Structure formats: C-alpha cells, structure tokens
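Hi,

Here is the structure I promised to pass on. Have a look at it first, and then read on for my notes.

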Amino acid sequence: MSRLPPAFHDAGHGYDVFGLEPRAVQRAAALCRPIYRHYFRATSVGIEHVPTSGAAILVANHAGTLPIDGGMLWLDVLERTGRVLRPVADFFVSSFPIINTAFARVGVVGGTRGNVRRLLDDGELIAIFPEGVTGVAKPFRERYRLQAWRVGHAELAIRHRVPIVPVAIIGAEESWPIALRLRHIRAFGAPYLPIPASPLPLPVRYHFHYGIPIEVGRDLPAEAADDPTVVSAAADRIRDALTDLIAAGLRARREGRP
Amino acid sequence: MRVLVVGATMPLGAALVQRLLDDPDVEHVLEVGSEPYASATPRLSYQRVDLTRERAVHDLVHGVARKLEIDAVVHLALHRSARDEGARIHARNVEATRQLLRCCAEVPTIRRFVFQSTAAVYALRSTAPALLDEDAALEFDPGATQWIRDRVEADLTVCARMGMSPMSIVVLRAAEILAPAMGSQLWDYLQSRVCLRPLGFDPMINVLSLEDAADAIRLALATTSQGVFNIAGADTLPLSRLIARWGRRDVPVPGPLLAPLYRLRAWSIGLEFRYDLNLRRFHVGGQVDDTRARAELGYGATRPTAWPRPAGDDHSTAT
C-alpha cells in the first residue's frame, strides 16, 4: 500500500513538526495489520461518521493494560478512511525511550493544549481518550464503565468548533485484564507499572462503533469554552452518547450482529 | 533609517549590515564590534567598543550614535562560547545589554531597539508542547549553565522595558542558527565524525539559516510592532536525520553515558559542545512556534540551511 495521508504537513524533510513520517505510518500499518485482521478480527460500524477531511475529535473508551485499543483504532481509521489518526497520549509517554520516537513517527502527540490546538488548526483528525490512564488500568469488573472523565476534549471542540465523533471500542476491555498496578515502580514517569493477568492479550474480537458526530460548539461562541459549566455540560453530553454507544455495541455483540 | 548594529562583526551582524546597505532607505549603518577592523564608506562606519565597560557603552551611544542621529539599534552581541563563564561574561551578556538599553532610551532620535535573543531561553520539558509559543515557560533552573542563565536574564531585562521606554522594543527569540562562528552548539556537535545521541530518543530539531535570521531582524526594524517574537527556521527534522544530512555517523548511546563522554571530548579536544546544555533538547526537541512573527512581522522562513549532503533519495520522495 503506497497511500499517503491526505493532509500531511511536511515541515521540509519528510516529517511533520510532531515527527510523523508517512513511511513509518505505512510500516506500522503493515506490522499491525495481521494482528488487527487475524488476532483481534476487527470489524467496524459507522465509519461514515468520521469526516473524510477537516478537523474532528474522536472520543473513545480506553482499557486494556497497554493502549492497544488506541493502536487498533488508529489502524481501523487508516484502513477505512486513509486518514492518519493523531492519538493524544499522556505526557509521560514522551519520556519512554524508543516508544516515544516510534509513537511520534506514526502520529501520536503529547497531550498539551498547544499541540492539540496546532493539530486542529491544521485540520487533523485527533483521538482523545478522556478516561486517560485510569481507563487503561481499570479493573476487569469495571469494564465498559467509563472512569474519571476529563473535559479537555469538550473545551477544544467548543473553542475550535470541531465535531466530536464518539467511538465505542468493544472487545478491548476484556482482552487484557490487569492483575496488579505496582504504584511504587514509576519508571520513566509512568504513574505505575501494570502487571497483566495473562502474558499476552487474549484474542477477543474487536468491534468499533462510530457514533453520530456531536457538534457541542454549534450554537456557542468560542469564548464559551472558558465557562466551566458549559464545558462540563458538553463533556457530560459526550459521555452519555458514548455510554449509549457502548451499550448498543455490547447488545449487538450479544445478539451476534456486527 | 540610521541603524546602529552592536555585534556587527559576527556572521549574523555582517549579513544584516549587508542587507541594510542594499536597502536605499537606509542612510547610515554604524557597526560596533570588539575587533580592530576598519571599514568606512559614506554610509558605513565602524566603532570598536568594549561592551563590558559602562563608560564605553555610554560614550558610544551619547557620542557617535547621537552625532549620526541613529534611530534604530540592533543588539546581537552576546558572548558566543558556552565554555567561558564568570563575571566578565555576565557583564558582557547582561550588564552591557542593560546599559545599552538605558543609554539608548536617553537619546531622543532612537525610536527602535531590536534584541536578538534565542530559543534556548525556553524551559524544555516533556510536558511542554512540541512547538513553544512566546508565553512558554523560561528556563529558571538554578542548575542551568551560565550560557543559558545569562540569556534568560538579558532577554527579560529587555522585555521589562517594553512599554516603559520611549523606544519600541522587539525581542527575537530565534531558533539555533546552524552556522560557524555563531556560537552554535549543534554546529560544533556536528564537527565530530561520529555524533552520539541518547538511545531511544530522536527529537525534532528546528534550525535557522543565517539569511532567514538576518531577514527577521530586517523585518523587525521595518515594522512598528513591539513585543517578543519567536523565529523558526525552514528546516525541521529529527536529530538522527540532521546528523545524516551532515554526513556524520549517528550513534545512539544510553543517555547517562553521554554526559561523561562529551565531557571527555571537551576536555581532550577542547571544543564548544556541552552536553549538559543540550541534554533536554536532545530528548524533547524544543522547536518554537513562530505564528506571531508570521502574522505581525510578515516573517516566514524561506531559505533552508546549506546541507553538505543532499537529501537521501529514500526521504526526498516522502512529501
């Protein structure tokens, strides 16, 4: 596959300012595709809700000890729309040797306001997991229950007038249950060391459900993004939409529908 | 326009003076440097001044500059070498800047003051955005080297006068100019045939060419805007590519080993590069966001650095 991302902002040497490199995107996609197709056997519903151009924010649930769900979502979007998703990662990820570089080459960015603003101004498609690290490390009994919900995505959507597409990732939350979180081991600034219950993620089927875009900023001025009540109301609205989408996704899986 | 250029004997100063002389609107350029050197044409004069002496700075501004009716001052004379430290270097970097600002404000014809600062004043942290805007935190780590501390202090000394002085003041925080004799750490780093970098980190580095840097100063002189402006260069590339484009061997080494290795290099060969000065940059990059300069000064980097090696065909097609 020699498809180049349609909105690649070359900073002069074949990389964008965040370090994304189209060739690395292709290599990573080639590497992940067998896992995506044959191990997690991913299916997806509602990809038409993801804009084919222009800025948008995908908001998804997050679980699975390591952010494998983010990688699979990245590949699903790439396979079906040709767009390179820019997942927003926690700060500490940029302190991990090797991983930070690999992530930067395929489009992951550090979660700072400045970075996200720049991406939205450039018309990029970003992914935010508002549960953050608490989501990745949620205990198995809490699966598919949204954890502490950060509101940054709602603020950004209002300020930049970009649509939010909720994405329910079904499957990831069972694929790699976490056994232990060693909180006193804080390697490279990570908040804990996760110990999964199985040596490898279980081959659970992945189902991506893309919901109808939510325009939280439609009738609001950009300054409304500074009002905490407006922002938290918008974040709750997105959270409710994602909760419904997850419920629908789980129901579909039980009934054997895609 | 009659311009006083402090630090005119540096490559950037020379490039700027050339640009100013090419402009028919510039009536006179007064060059100031520390080297004995003589160039005098009807539009160009040279003055040798020891900036560490307050009296010398005073006499320059109230003497020659007043007589020539200078109306704009460009200050780019910070001490380049990162190996020299001490009170004298501080006097040259900070006290001279303070004295120059004070004296220039006293001369009624001087309306404009442009200070060439550097992007090295920003605190580089993994929690900061990839592109630092003008409001980003500055480096106040007490453990930072004097080279950085002096630059932060000089930068803020100039910033503190904005709006308080009869002159309109511009501070240009420029990305590193990858050129010889500019005190460029990367330039010196790339002089070794083998370049070591921290294993597992390959940050995006932005470098500025001398031509674009001189253009930015020229634009800062031409507008009436006041404020701090980041100036980024036309080249943004990973550190490993930067090393490759320079025709050097890129060798990743575990991070903790780099400081002693480069200290050994400085001690044995005696070159400029200091790893402690570049440690954070070699992990997180530290590019600047020049949106403000583009909007208000009309700046835009157009001239890439002259790379000794052409882009490898593997990367030149990836556009």
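Let me start with a salt bridge: D90(A) pairs with R150(A), with the closest N and O atoms 3.9 Å apart. (A salt bridge here is a side-chain nitrogen of Lys or Arg within 4 Å of a carboxyl oxygen of Asp or Glu.) D90(A) sits in the loop between β3 (86–89) and α3 of chain A, and R150(A) in the loop between α5 (132–136) and α6 (152–160) of chain A, so the pair ties together parts that are 60 residues apart in sequence. Helices (H or I, at least four residues) and strands (E, at least two) are DSSP runs, numbered from the N terminus. Both partners are partly exposed, D90(A) with a relative accessible area of 26% and R150(A) with 46%. For those words, buried means under 20% relative accessible area, exposed over 50%, and partly exposed in between (1.4 Å probe, protein chains only).

Before going further, the ground rules: this is a predicted model, in which local features need pLDDT of at least 70 and side-chain atom pairs count only at pLDDT 80 or more, while totals for chains, interfaces and linings use all residues. Residues are numbered from 1 along each chain as its sequence is written, chains are lettered from A and ligands numbered from 1 in the order in which they are written, and side-chain values use heavy atoms, with hydrogens and water left out.

Back to the salt bridges. Over all chains, the search of the whole structure turns up 36 of them. In chain B, the side chains of D215(B) and R19(B) meet at 2.6 Å, N to O. D215(B) belongs to helix α6 (residues 210–222) of chain B and R19(B) to helix α1 (residues 11–22) of chain B, so this pair ties together parts that are 196 residues apart in sequence. Another one joins D290(B) and R294(B) at 2.9 Å, N to O. Here D290(B) is buried, at 7% relative accessible area, whereas R294(B) is partly exposed at 44%. There is also a network in chain A, where salt bridges that share partners link R113(A), E155(A), R159(A) and D226(A).

Now the chain A sheet. It is an open sheet of 7 strands in the order β1-β9-β6-β2-β5-β3-β4, with mixed pairing. β1 (43–45) and β4 (109–110) of chain A are at the edges with a single partner strand each, so one side of each has no neighbour in the sheet. Further in, β3(A) runs parallel to strand β5 (residues 125–128) of chain A, joined by 2 bridges; two strands count as paired if DSSP finds at least two bridges between them. R86(A) has I126(A) as its bridge partner in β5(A).

Beyond its neighbours within four places in sequence, V116(A) is in contact (heavy atoms within 4.5 Å) with V88(A), I126(A) and L156(A). V116(A) is buried, with a relative accessible area of 4%.

Which residues of α3(A) are buried? They are N100(A), T101(A), A104(A), R105(A) and V106(A). Their cover includes α1 (22–39) and α2 (68–81) of chain A, together with β10 (204–208) and β12 (235–238) of chain B. R105(A) counts as buried at 9% relative accessibility, and its contacts beyond four places in sequence include Y15(A) and E21(A) as well as D202(B), M204(B) and P238(B).

Strand β1 (residues 2–6) of chain B pairs with β4(B) in the parallel sense over 4 bridges, and L4(B) stands opposite V73(B). β4(B) is also joined by 4 bridges to strand β5 (residues 112–118) of chain B, again running parallel, with A72(B) opposite R112(B). From β4(B) the chain crosses through helix α3 (residues 87–106) of chain B to β5(B) in a right-handed β-α-β crossover (right-handed if, with the strands pointing away from the viewer, the path from the first strand over the helix to the second runs clockwise).

Cheers
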